Amino acid sequence: MTNRFFFVTGSARALIAGLIIALMSGCALADAKPDAQKGQASYYSDRFQGALTASGTPFDQQALTAAHPTLPLGTKVLVTRPDTGNTVKVVVNDRGPYVRGRIIDLSKRAARKLNIIQRGVAQVTVRVID
């Protein structure tokens, strides 16, 4: 009697190889940079100056930093205001924002570069750059 559980035919080998390649491709896709996110940006109130961020560093209104709900801490992103074309590069060092519709909270310096200080919020596109 032959034990067929351990016997793999040529077509079965091809199927297994195909599954391995498919799984490996899925892993590569999971590591790919996400597409740009669109939504509202706001900026931190002055009262957070010096407070510890999720990264463990004190918040600095003059640094080019931001809070994002899901991107890994340390991720560099390009934030663009489509209506003006203004852009700023920031590093994610905190979590937030916690207001529906908002996708990123900026330091005051970053908000100034986007010219949203007077408005408080603006529509932006957030794209991972590093």
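Me: Let's start with Thr 125. In which strand does Thr 125 lie?

Reply: Thr 125 lies in strand β6. Helices (H or I, at least four residues) and strands (E, at least two) are DSSP runs, numbered from the N terminus. Keep in mind that this is a predicted model, where local features need pLDDT of at least 70, side-chain atom pairs count only at pLDDT 80 or more, and totals for chains, interfaces and linings use all residues. Residues are numbered from 1 along each chain as its sequence is written, and side-chain values use heavy atoms, with hydrogens and water left out.

Me: Is Thr 125 buried or exposed?

Reply: Buried means under 20% relative accessible area, exposed over 50%, and partly exposed in between (1.4 Å probe, protein chains only). Thr 125 has a relative accessible area of 14%, so Thr 125 is buried. Across the protein, buried residues make up 29% of the 130 residues.

Me: Which residues does Thr 125 touch, not counting those up to four places away in sequence?

Reply: A contact means heavy atoms within 4.5 Å. With that rule, Thr 125 touches Ala 36, Gln 37, Lys 38, Leu 78, Val 79, Thr 80 and Pro 82.

Me: How do I read the largest nonpolar core, and which residues have the most contacts inside it?

Reply: A nonpolar core is a set of buried Ala, Val, Leu, Ile, Met, Phe, Trp, Tyr and Cys residues joined through side-chain atoms within 4.5 Å. The largest one here has 19 residues, and Val 77, Val 79, Val 90, Ile 104, Leu 106 and Val 124 have the most contacts inside it. At least two residues each come from β3 (76-80), β4 (87-94), β5 (102-106), α2 (108-113) and β6 (121-128). With four residues, β6 gives the most to this core.

Me: What surrounds Ile 104, leaving aside its neighbours within four places in sequence?

Reply: Ile 104 is in contact with Gln 40, Ala 41, Ser 42, Ala 66, Ala 67, Val 77, Val 79, Pro 97, Val 124 and Val 126.

Me: And β5: how many of its residues are buried, and in which sense does β5 pair with β1?

Reply: Four of the five residues of β5 are buried, which leaves the strand mostly covered. Two strands pair if DSSP finds at least two bridges between them. Strand β1 (residues 37-43) and β5 pair in the parallel sense over four bridges, and Arg 102 is the bridge partner of Gln 40. Strand β2 (residues 65-67) pairs with β5 in the antiparallel sense over two bridges, with Leu 106 as the partner of Ala 66.

Me: How many aromatic pairs does the structure hold?

Reply: A pair of aromatic rings is described by the distance of the centres and the angle of the planes. Rings of Phe, Tyr and Trp (its six-membered ring) pair if their centres lie within 6.5 Å; planes under 30 degrees apart count as stacked, over 60 as edge-to-face and the rest as tilted. The structure holds two such pairs. Tyr 44 and Phe 48 form an edge-to-face one, at 5.9 Å centre to centre with 75° between the planes. Ring pairs link Tyr 44, Phe 48 and Phe 59 into a cluster.
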